[in-house]
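Please consult the sequence and the structure alongside the text.

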Amino acid sequence: MKKAIKIIAWIAVPIILIIASLYIFKVDYILKAVRVTYLTGHKTAFLEDYTYFENRTISHGVGQPWKTTKDYNTIAATPELEKTHQELKTVAYLIIKNDSIFHEAYFDGYDQNSHSNSFSMAKSIVTSALGKAIMQGYIKNLDQKVTDFLPDLKGAYASELTVGDLASMSSGLSWDENYYGAFSITTQAYFDTDLRNVMYGLEINDKPSQKFIYQSGDTQLLAMVLEKATHTSLSEYVSEVFWKPMGAENDALWQIDHKGDGIEKAYCCIASNARDFARFGKLYLQGGLWNGTEILPKEFIEKSIHLRFNESPQYGYGWWLNTYMDKQMYYMRGHLGQFVIVVPEDNLIIVRLGHIKGEQTKTDPHSNDFYVYVAEAYKMLEQRKK
């Protein structure tokens, strides 16, 4: 018995000391990170992880079902597209042509009503909320200072930071966009239970408005601005100004840092479905109009889908930009390969949700699966003409 007690002590004492040190050094969020990811068989955030966090509901109103084309789902996915679906574990893929669904496929037990983590596609929605807040007069314009809403923001250049800098990823914020590092600020922001405090602990130490640097912290600060400006939670605001008027057919869930008055993890983490995510592509494609009603100003949309910095033609204000097949396109993008792609020239929207993202090189800011989802959609659309 004594020997058994000694063995237990040898095992338990180091574990207790490790856990205690995590709390002492204020990195106890790692315990939740391990529990949610590694102990569930994952190495990073995953599509269903919203079930492990507190969530706030984005309520829907009267649903407006998508129309389908006459030849809906009569054209099979190309072999290359099927191969990509299998290799990258797609769960949803939609092709919407002329405001009607042409092709729709679901995998891995998912269907048109299934919730799936959007990850950074949420950034485009937060930026849309900024446009709406400007339209409603809560925020003056893209040049309004962030410290008008967050006076406690720190850093040598905090007073120069504008809401437009946050939307265009040019804040100068001290941030490490590392999804796999246990001690990175991105990991802490994902698992910490006091996200506002985490953000106030960071500083604006580089001059804003100078260059594009993709940082999730920019969108989180923007969410804090919107919360102060609109005097409501981001989920409630998005519900009232987008989800309900755009006819979403299902409630969505937005992860928050803690129950009660917690704040949304705004740089990510809206759990919804392909059909409802596609509505933001439709809104932008229609220049901010929905059933003849202006939801967003056309001028704001045009600003969002055009580059701000010549050195970074891949990004505008909350939306990714690309030219492919001699066509201008813009898109929402999330970790692990979530996409809502808009090709305005052809009145086309492509949605892909899934478990794995394609390869992305240092020379191309767009992952290789993006090109597959677009090129194969066009091949399928061509087949309908034969």
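Helices (H or I, at least four residues) and strands (E, at least two) are DSSP runs numbered from the N terminus. The model is predicted, so local features need pLDDT of at least 70 and side-chain atom pairs count only at pLDDT 80 or more, whereas totals for chains, interfaces and linings use all residues. Residues are numbered from 1 along each chain as its sequence is written, and side-chain values use heavy atoms, with hydrogens and water left out.

- Two bridges link β5 to strand β7 (residues 270-272) in the antiparallel sense, and S116 has S272 in β7 as its bridge partner.
- Contact means heavy atoms within 4.5 Å. Axes are lines fitted to C-alpha atoms, for helices over the stretch in contact, and angles run from 0 to 180 degrees between N-to-C directions.

**Salt bridges**

- The count comes to 14 salt bridges, each defined as a side-chain nitrogen of Lys or Arg within 4 Å of a carboxyl oxygen of Asp or Glu.
- R56 forms a salt bridge with E264, and the closest N and O atoms are 2.8 Å apart.
- Because R56 lies in strand β1 and E264 in the loop between β6 and β7, this pair ties together parts that are 208 residues apart in sequence.

**Seven-stranded sheet**

- A second open sheet has seven strands in the order β2-β4-β3-β13-β12-β11-β10, with mixed pairing.
- At its edges stand β2 (67-68) and β10 (320-324), each with a single partner strand, so one side of each is left without a neighbour in the sheet.
- Strands β3 (residues 90-97) and β13 (residues 348-354) run antiparallel and are joined by seven bridges; Y93 stands opposite R352 in β13.
- Helix α3 (residues 79-88) lies across β3 and β13, running at about 145 degrees to β3.
- Helix α4 lies across β11 (327-334), β12 (338-343) and β13, running at about 105 degrees to β11.

**Packing of α4 with α10**

- Helix α4 (residues 121-135) packs against helix α10 (residues 274-285) at an angle of about 50 degrees, with the axes 11 Å apart.
- M121, S124, I125 and S128 in α4 meet F277, F280 and Y284 in α10.
- The residues of this contact comprise five nonpolar, two polar and no charged.

Methods: Ala, Val, Leu, Ile, Met, Phe, Trp, Tyr, Cys and Pro count as nonpolar, Asp, Glu, Lys and Arg as charged, and the others, Gly among them, as polar. Two strands pair if DSSP finds at least two bridges between them.
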